[in-house]
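I opened the notebook to log a few look-ups. The sequence and the model come before the entries.

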Amino acid sequence: MERDLLLEIGTEEIPARFIPGALGALQDLAEQRLGQARLTFQNSKSLGTPRRLALLVSGVSAYQEEKEEIFMGPPKSAAFDEKGLPTKVAVGFAKAKGAAVEDLSFVETSKGTYIALKQTLKGLPAETVLMELLPQLIMDLPFPKFMRWGTSSFRFVRPVHWILALLGDRTLPFSLEAITAGNRTFGHRFMAPDPILLKETGEYLLKLRQAKVMVDPEERMVMLRQGIAKQAEQAGGKVPDDPDLLKEVNFLIEFPEPVSGQINPDFLQLPPEVLVTSMKAHQRYFPLTDKEGRLLPHFITVNNTRVEDTLRVVKGHEKVLRARLSDARFFFQEDLKKPLWEKVDHLKTVIFHSRLGTSYAKVERIIRLADYLSQKLAPEKAEPIRRCALLCKADLTSHMVGEFPDLQGIMGREYALRSGEARETAQGILDHYLPTSVGGTMPETVCGALVGLADRLDTLVGFFGVGQIPTGSADPYALRRQAQGCILILWEKGYSLSVNDILDQALSSYKGLFKRSSEEIKKDLKDFLSLRLAYLLEGEGISRETIEAVLAVGWDDLSEVRQRCRSLQDFQKHPDFSSLAGGCKRALNILKGLSSSETGLVDPALLIEDQEKTLFRKVQDIEKEMAHFFSRKAYSEYLIRLAGLRPVIDDFFDKVLVMAPEENIRRNRLALLYKLTSFFNQFALFSVFSF
C-alpha cells in the first residue's frame with residue numbers, strides 16, 4: 001500500500017538567502033535518491049521556514065521494485081568441458097553467487113560465449129530503505145556555509161534541534177548523531193512553542209497552521225502579499241514591485257503580520273534612492289508611493305508574530321527607521337560639503353586590488369581607454385566622456401556609499417548634479433554600471449556606455465593579467481558578468497570595434513606590470529569572450545551549429561558577428577539551404593589541406609566542360625556584388641545571392657570530375673572550387689552543419 005513520506009529538519013534560524021537553494025536541493029536529491037533506491041512515488045514538494053526544512057513525498061511504494069541482474073562469469077570453454085559437464089570454474093562461480101550450476105545460462109558476446117547468472121533482487125520494505133536513505137540525504141544537503149556545534153562532527157547550516165520522519169502513520173526512528181527522528185514537531189517559537197505530536201503525515205500542514213506556522217512558502221507568500229496590499233490601501237498608496245525583497249521577507253518569517261508606519265516628511269527631502277535603500281537594506285521595510293511613483297511618508301514592515309498592542313510595535317519600527325534616516329541625512333549633508341570632483345583625489349587611498357593598485361590608478365586607466373573609445377565611436381562627445389570617466393568612481397569615497405554600497409553610481413549622479421556637472425556627465429556616472437545583468441537596463445547615454453565599456457575592459461585585462469581567471473563555477477570578481485556587459489553594450493549601441501585593437505589598448509595601460517606576455521593574456525581573454533559571446537547568442541535563440549559556424553571564421557567585431565548569426569539562422573529556412581551547404585561541404589572536403597597558393601588562379605582556357613564554365617562565369621558575375629554586400633553588412637542579400645548558385649553548383653558536381661587525371665585540369669578545377677568556397681568561408685564554416 002502506498003503511503004506519504006514526511007521529513008522535517010528543525011533548526012536554529014537559517015539565513016533567508018540560504019533557504020530557496022536548500023529547498024530546491026532537498027527536493028531534487030530526494031527524488032534522485034528514491035529513484036536510485038527503487039522506491040516509486042507520485043510527486044514531491046519541499047517546504048520551509050527559517051526554523052525548518054521539510055519534504056512531503058506522496059504515494060511512496062510499500063516495497064522496492066524488484067530488479068533483475070545478470071552476473072557475467074568466465075568463458076563457456078573454461079566453465080564446461082568437451083562433454084558439456086561443469087568444471088570447477090563453473091561450480092565455483094555458482095557457489096560464489098549462492099546458486100546451483102543448473103541456474104547458469106549462456107550469453108553470446110563479441111568475445112565469444114560466456115556463462116552468466118540471472119538473479120531477481122527482491123524489494124525491501126520502504127521503511128527499511130528510508131531508515132538508511134534519509135540520514136544520508138540530510139547530511140548531503142548543500143549550503144553556502146556550514147556549522148559544527150558541541151562535540152559533534154556533524155555539519156549543517158545551523159544547529160539541528162529535532163527531526164520529524166513519518167511514513168504514513170509509522171515513525172522512522174533513525175538516528176543522526178545524537179538526534180533520533182520521531183513524530184514530534186514544534187509550532188511558532190513565540191505564539192505556539194509547545195511540542196506537536198503527529199499521528200500521520202496528513203496532519204502536518206493543518207496542525208502547523210493551527211500553531212501559527214505557514215510552512216508552505218507559496219501559501220505564506222500569498223498571505224504576505226495580501227497583508228501588504230491591505231496595509232498599502234489603508235495608507236493610501238501602493239508598494240513598488242520588488243520580488244527580491246518579497247522573497248527575502250518570506251523566508252524571514254513563519255507567520256506574516258504586516259503593519260504600516262509613518263516617516264517624518266522632512267526626510268522626503270533626501271533623494272528617493274537614499275530613503276528606499278535605508279528602508280530595504282537594513283530594515284527590510286517596504287516603501288510606499290502614490291500613483292505617480294512619488295514616495296509617500298509611509299512604510300510597511302512585516303512582523304513574525306501577532307501582537308496585541310500594534311501601536312506600540314509600530315512606534316518601535318518608526319523609531320528604528322528614524323535613526324537610520326537621520327544617519328543617512330547626516331551622511332548626505334557631509335558629502336555635499338565638497339563637490340564631487342574633490343573626492344577623486346581620495347581614491348588614492350582606496351585599494352582596487354592588491355596587485356592592480358588603487359581605484360585612482362584604475363580611473364586613470366579608464367580615462368585613457370575611454371579617450372580611445374570616444375575617438376573611434378563618438379569624437380563629438382570626447383569632453384563629457386573624459387569628464388565622466390574622471391568622476392565615475394568618485395562616490396566610492398563618500399559617506400553614503402560607504403554605508404550603502406548599493407547606492408554606488410546613484411549617489412555619483414546625485415552629487416555630480418549638485419556639484420554643477422552637466423546632466424549627460426552625471427547620468428553617465430550612473431549609466432556606466434549598466435547593465436547589471438542580461439536583460440537589465442542599458443545605459444541611456446553615450447558617456448555611460450563608453451565609460452562602462454572602458455571600466456569593464458580594464459577589469460577583465462587586469463584580473464586576467466594577474467591570473468585571476470574564472471574556473472568552473474568560481475567567479476569571485478564577477479568577470480563573466482563584466483564580459484557580458486561589454487558585449488551587451490556593443491550590441492545595444494551597434495558599435496563596431498575590433499576586439500584585438502581594444503584589448504591591445506587596454507593592455508597598454510598595464511605595460512610592465514604583468515609577468516605573463518600580452519599575447520598570452522589576450523589569447524585567454526579572447527577564449528573567455530568567445531564563450532560569453534556564444535552564451536549570449538544562444539540566449540537569443542541562435543542554434544549552437546550556427547554560432548559555431550560563424551565564430552569559426554572570425555569574430556573580431558562583436559556587433560557584426562551577431563548580425564551574421566541572425567542572418568544565417570534565418571537563411572536556414574531557405575529551401576536551398578541544405579543543398580547549398582551540402583555542396584559547400586563537399587567542396588571543402590575536396591580542398592582539405594590545400595591553400596590558394598597550391599591551387600593557383602583559375603585559367604579560363606583550361607575550363608573544358610560546360611558546367612565548369614557556367615560556374616566560373618556565375619562566380620565572376622557576382623564577385624564584386626558579394627564584396628559590396630559584405631562590406632555594407634547586407635548579409636541577407638549576400639546569402640540570397642549564394643543561394644542563387646545552388647543549381648550550377650549541383651550541376652557542376654553531377655557532371656564534372658574534379659580530380660581529373662590531367663594535373664593542369666585538376667589544379668584548375670580545384671582553383672575554381674577554392675574561389676567558390678571563399679564566398680562561404682568569408683561568412684561561416686558551412687561544413688559544421690549536419691544533414
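**Entry 1: ground rules.** I take helices (H or I, at least four residues) and strands (E, at least two) as DSSP runs, numbered from the N terminus. I am working with a predicted model, where local features need pLDDT of at least 70, side-chain atom pairs count only at pLDDT 80 or more, and totals for chains, interfaces and linings use all residues. Residues are numbered from 1 along each chain as its sequence is written, and side-chain values use heavy atoms, with hydrogens and water left out.

**Entry 2: positive phi.** I looked up Glu-177 in the loop between strand S9 (175-176) and strand S10 (179-180). Its phi is positive, about 55°, although Glu-177 is not a glycine. For exposure I use these cut-offs: buried is under 20% relative accessible area, exposed is over 50%, and partly exposed is in between (1.4 Å probe, protein chains only). Glu-177 is partly exposed, with a relative accessible area of 46%.

I then turned to Arg-38. Arg-38 is a residue other than glycine with a positive phi, near 65°. I found Arg-38 in the loop between helix H1 (19-36) and S2.

**Entry 3: cis peptide.** I checked the bond from Leu-434 to Pro-435. The peptide bond is cis, with omega near 0°. Pro-435 sits in the loop between helix H15 (423-431) and H16.

**Entry 4: overall figures.** I count 27 helices and 17 strands in the protein. What is the radius of gyration of the protein? I get 35 Å, while a compact globule of 691 residues would have a value near 26 Å. That radius is taken over C-alpha atoms, and the globule rule is 2.2 Å times the number of residues to the power 0.38. The C-alpha trace spans about 105 × 100 × 50 Å along its principal axes. Buried residues make up 48% of the 691 residues.

**Entry 5: salt bridges.** I require a side-chain nitrogen of Lys or Arg within 4 Å of a carboxyl oxygen of Asp or Glu. Side chains of opposite charge can pair when their charged atoms come close. The structure holds 46 salt bridges.

I started with Glu-218 and Lys-45. They form a salt bridge, with the closest N and O atoms 3.5 Å apart. Glu-218 lies in helix H6 (residues 217-235) and Lys-45 in strand S2 (residues 43-49), so the pair ties together parts that are 173 residues apart in sequence. Glu-218 is exposed at a relative accessible area of 56%. Lys-45 is partly exposed at 30%.

Next I took Lys-362 and Asp-458. Their closest N and O atoms are 2.7 Å apart in a salt bridge. The pair links distant parts of the chain: Lys-362 is in helix H11 (residues 359-377) and Asp-458 in helix H16 (residues 446-465), 96 residues apart. Are these two side chains buried or exposed? Lys-362 is buried, with a relative accessible area of 4%. Asp-458 is buried as well, with 2%.

Then I took Lys-393 and Asp-455. Their side chains meet in a salt bridge at 2.8 Å, N to O. This pair also links distant parts of the chain: Lys-393 is in the loop between helix H12 (382-391) and helix H13 (399-403), and Asp-455 is in helix H16, 62 residues apart. Lys-393 counts as buried at 8% relative accessibility. Asp-455 counts as buried at 9%.

Which residues make up the network of salt bridges here? I list Lys-362, Arg-365, Lys-393, Asp-455 and Asp-458.

**Entry 6: distances along the chain.** I looked up His-353 in strand S16 (residues 351-353). His-353 counts as buried at 10% relative accessibility. The C-alpha atoms of His-353 and Leu-6 are separated by 49 Å, and these residues are 347 residues apart along the chain.

Leu-673 is buried, with a relative accessible area of 0%.
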